[in-house]
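Please consider the structure below.

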Amino acid sequence: MSHDVGLPLWLLAELTYRCPLQCPYCSNPLDYAQYQEELTTDEWYDVFDQARQMGAVQLGFSGGEPLVRQDLEALVAYAHNKGFYTNLITSGMGLNESRIANLKQAGLDHIQISFQASDPVVNNALAGSKKAFEQKYEMAQLVKAYDYPMVLNFVIHRQNIDQIDQIIELCLELGADTVELAICQFYGWAFENMQGLLPTQAQLVRAERITNAYRQKIADNNIKCKLIFVVPDYYEERPKACMDGWGKIFLTVAPDGTALPCHAARQLPLMFPNVRDTQLSHIWYDSPSFNEFRGDAWMPDMCQNCEDKERDYGGCRCQAFMLTGDANNADPVCGKSPYHHLIEEARANSASPTPFDDLLFRNPKNSKLANEKLTNKKLLDKNQLIPTRTLIE
């Protein structure tokens with residue numbers, strides 16, 4: 001057993017891959033439908049017990065849409081009683097006041113609600129639901145009313161980045177405490193839709209400039225709202241320390257019980273263990289897949305000799321695999337990587353985006369609804385945006 005390995009402080013419980021929405025940037029695996037044998041309530045209890053004994057302190061409930069699980073409140077209560085700080089990561093679909101009250105009573109510490117856009121038409125087209133925006137808006141208000149920190153997440157991409165000011169206005173209207181404006185990271189469905197979702201450099205620069213202007217105005221007006229702007233890897237020259245390093249802090253358990261060092265790792269050609277037949281401690285410390293990219297022995301020479309290897313840990317293994325076909329290669333995001341031209345090509349291709357009609361949606365049955373709505377250009381006129389109080393004139 002490798003006792004020099006750190007503790008799995010952050011456990012992500014992907015309760016289900018089921019979701020009522022169709023988002024074309026979903027990070028779930030493309031073949032999510034084949035994973036139908038979800039862990040039972042008792043099996044999740046056992047996972048929580050083992051993770052807590054190993055030192056895990058934070059627990060995120062995600063999916064898919066975790067609210068699809070009717071035992072969510074019971075899982076939250078069990079985790080709370082074990083001493084976890086619990087976070088629900090949700091689209092808000094399936095949430096209502098009764099469930100919010102029950103989750104509060106169960107001890108849930110934190111709720112993060114995601115929106116697709118500030119414009120109801122764009123939001124609903126991307127989500128594939130006629131009432132998605134209305135539901136999210138109402139639930140965000142209720143979350144605030146139940147004294148939760150107001151945390152909103154917007155995945156920013158080609159289809160909504162030019163409305164960054166309206167997005168921030170919506171967040172201010174809802175009284176958000178924290179807003180994550182995360183430029184789309186390209187895993188799962190987002191990778192398939194990269195040319196339709198990756199913004200141009202000019203769009204990114206504009207969005208960051210507007211965000212910074214809002215930060216200043218927020219500070220000047222003593223408004224309690226933190227704006228977090230996350231630049232996509234594809235516009236960086238240095239890779240991020242993905243998940244703070246492979247198998248260093250984060251442990252994901254997928255709906256079927258597969259244990260992963262990150263939520264995107266199951267696409268790699270590795271045999272990942274399952275909590276149904278292997279103890280978490282053995283998975284974390286001893287399994288070959290969790291040790292595959294720990295340390296630097298796996299790194300190519302250029303990475304081993306790089307002065308930044310202790311800071312970025314070689315970058316993202318999933319990204320390296322998706323772009324080069326070999327997870328052992330240097331992350332193409334790195335300007336020193338021999339595969340960096342792949343990132344430069346993606347940037348160049350962003351100037352000729354794939355039409356919205358041609359995006360691959362997670363739930364194809366809903367694509368027609370989305371396409372009909374979003375391709376009606378007059379519906380995207382700024383006059384259609386919901387009214388918000390303007391902070392920047």
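Arg266 is in contact (heavy atoms within 4.5 Å) with Tyr17, Pro29, Tyr35, Ala254, Asp256, Thr258, Leu260 and Phe272, leaving aside its neighbours within four places in sequence. This is a predicted model, in which local features need pLDDT of at least 70 and side-chain atom pairs count only at pLDDT 80 or more, while totals for chains, interfaces and linings use all residues. Residues are numbered from 1 along each chain as its sequence is written, and side-chain values use heavy atoms, with hydrogens and water left out.

Arg266 belongs to the loop between β9 (259–260) and α10 (280–286); helices (H or I, at least four residues) and strands (E, at least two) are DSSP runs, numbered from the N terminus. Its relative accessible area is 18%, and Arg266 is therefore buried, a term for values under 20% as found with a 1.4 Å probe on protein chains only. One of its contacts is polar: the side chain of Arg266 meets the side chain of Tyr17 at 3.1 Å. A polar contact is a pair of N or O atoms within 3.5 Å; within protein, one must be able to donate a hydrogen and the other to accept it, and residues adjacent in sequence count only if both atoms are side-chain atoms.

Gln203 is part of helix α9 (residues 201–220). Its side chain reaches the backbone nitrogen of Thr200 at 2.9 Å. Not counting residues up to four places away in sequence, Gln203 touches Arg158, Ile161 and Asp162.

The helices come next. Two packed helices are described by the angle between their axes and the distance between the axes. Axes are lines fitted to C-alpha atoms, for helices over the stretch in contact, and angles run from 0 to 180 degrees between N-to-C directions.

Helix α2 (residues 72–82) packs with helix α3 (residues 97–106) at an angle of about 20°, their axes being 8 Å apart. The two are therefore roughly parallel, the word for angles under 35 degrees. Leu72, Glu73, Val76, Ala77 and His80 of α2 make the contact with Arg99, Asn102, Leu103 and Ala106 of α3.

For helix α4 (residues 120–127) and helix α5 (residues 132–145), the axes come within 8 Å and cross at roughly 110°. That makes α4 roughly perpendicular to α5, a class covering 65 to 115 degrees. Here Pro120, Asn123, Asn124 and Ala127 of α4 meet Ala132, Phe133 and Lys136 of α5.

Terms used. Parallel < 35°, antiparallel > 145°, perpendicular 65-115°, else oblique. Buried < 20%, exposed > 50% of the residue type's maximum accessible area, 1.4 Å probe, protein only.
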